[in-house]
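I opened this notebook to record what I looked up in one structure. The entries follow the order in which I worked.

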Amino acid sequence: MWRCSKIIVALGACRGPAAAGPRNYCARAGQLKGILFRQLFEPVSATYTYLLADAESKEAVLIDPVLDTAPRDAKLVKDLSLNVLYAANTHCHADHITGTGILKKLLPGCRSVISRDSGACADIFIQEGDRIKFGKFSLEARATPGHTDGCLTYVLDDQSMAFTGDALLIRGCGRTDFQQGNSRTLYESVHRKIFTLPETCLLYPAHDYTGQSVTTVAEEKRLNPRLTKTMEEFVKIMENLNLPKPHQIDIAVPANLKCGIQDS
């Protein structure tokens, strides 16, 4: 395992499942910029996996792959003749097993990436300010702890899109009642690292449970029912969610600390 402060990766831009308007606009805009983008969905844990690639160099990165759908993702990569350099997680997930380990076997040359603060295994550890570069594009890592200590948000180099993991969901946020969760830290992370992005920046979460696929900084600053409150109000909301224990947590967390499936 090693740490690289300036990683070279291949990236893409836009949006996924079935929706009109912003998604179609984003897909076209991404093509004009030379970015290939796919938003992929795993229904059991309602997880989004993102594939981004430089259309010219074919270098690519996968964000938050899921073990169960890793063969699907690998097939898509091969169908599109892409070279995935990195499979990067936004954090150590509790609701599904990551696909990074198996993707290293399915896609030779792919290396796993996660935050140094996550406590998980990976080939590459990154932190605030590091960049994942691919072709002529790059993703900046912004530390956004609070849901877990190791949460990262990946921001495209032109700040037109960001991948927020569980730190910020569409009209919601990640829970803070386990895995080093801290409501005050999460509130500060979102307001300082995500809400300071351009208001037109498209935000892509790790999950959505209502059928939505993308939001914007402007929307969440105005409409998020939790994060538009004061910090004290936010803390009270988070303390009283009374959510059930994640179904896969006892299996997922230990596995994800080992990159899902380790080949060494």
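**Entry 1. Basis of the model**

I note that this is a predicted model, in which local features need pLDDT of at least 70, side-chain atom pairs count only at pLDDT 80 or more, and totals for chains, interfaces and linings use all residues. Residues are numbered from 1 along each chain as its sequence is written, and side-chain values use heavy atoms, with hydrogens and water left out.

I looked up the confidence, pLDDT, which is the predictor's confidence in each residue on a scale from 0 to 100. The protein averages a pLDDT of 89, and 86% of the residues score at least 70. Over residues 1-23 the pLDDT is below 50, although this stretch has 105 contacts in the model beyond near neighbours in sequence. A contact here means heavy atoms within 4.5 Å.

**Entry 2. Overall content**

I found seven helices and 14 strands in the protein. Helices (H or I, at least four residues) and strands (E, at least two) are DSSP runs, numbered from the N terminus. Of the 264 residues, 57% are buried. Buried means under 20% relative accessible area, exposed means over 50%, and partly exposed lies in between (1.4 Å probe, protein chains only). Among contacts with a separation of 6 or more, 66% are between residues 24 or more positions apart.

**Entry 3. Helix α4**

I checked the length of α4 (residues 183-194). Its 12 residues reach 16 Å from the first C-alpha to the last, close to the 16 Å expected at 1.5 Å a residue. The expected span is 1.5 Å times one less than the number of residues.

Which residues of α4 are buried? They are S183, L186, Y187, S189, V190 and I194. They lie on the same side of α4, because they cover an arc of only 160° around the axis. The arc is that of the directions from the helix axis to the C-beta atoms. An α-helix has 3.6 residues a turn, so residues three or four places apart point the same way. The cover over the buried residues of α4 includes β11 (152-156), β12 (161-165), β13 (202-205), α5 (217-223) and α6 (231-239).

At the N-terminal end of α4 I found a cap: a side-chain oxygen of N182 lies 3.1 Å from the backbone nitrogen of R184.

I then looked at S189 within α4. S189 has a relative accessible area of 7% and is therefore buried. Not counting residues up to four places away in sequence, S189 touches T144, P145 and I194.

**Entry 4. Helix α2**

In α2 (residues 70-79), the buried residues are A70, D73, A74 and V77. These line one face of the helix, because they fall within an arc of 100° seen down the axis of α2. P71, K75 and D79 are exposed on the other side of α2. The buried residues of α2 pack against β3 (35-42), β4, β5 (59-63), β6 (83-88) and α3 (100-106). Just after α2, S81 takes a positive phi of about 60°.

**Entry 5. Salt bridges**

I counted 14 salt bridges in the structure. Each is a side-chain nitrogen of Lys or Arg within 4 Å of a carboxyl oxygen of Asp or Glu.

One of them joins the side chains of D54 and K136 (3.5 Å, N to O). This pair links distant parts of the chain, 82 residues apart: D54 is in strand β4 (residues 47-54) and K136 is in the loop between β9 (131-134) and β10 (137-143). Is D54 buried or exposed? D54 is buried, at a relative accessible area of 2%, whereas K136 is partly exposed, at 49%.

E199 is in the loop between α4 and β13 and K221 is in helix α5, 22 residues apart. E199 is partly exposed at 45% relative accessibility, and K221 is partly exposed at 35%.

I also recorded K245 with D250, their closest N and O atoms being 3.0 Å apart. K245 is exposed at 57% relative accessibility, and D250 is exposed with a relative accessible area of 57%. Elsewhere, salt bridges that share partners join D54, E56 and K136 into one network.

**Entry 6. Residue E140**

E140 is buried, with a relative accessible area of 16%. Its contacts, not counting residues up to four places away in sequence, are D130, R131, T153, Y154 and V155.

Note on methods
Polar contact = N/O pair within 3.5 Å; in protein donor to acceptor, adjacent residues only side chain to side chain.
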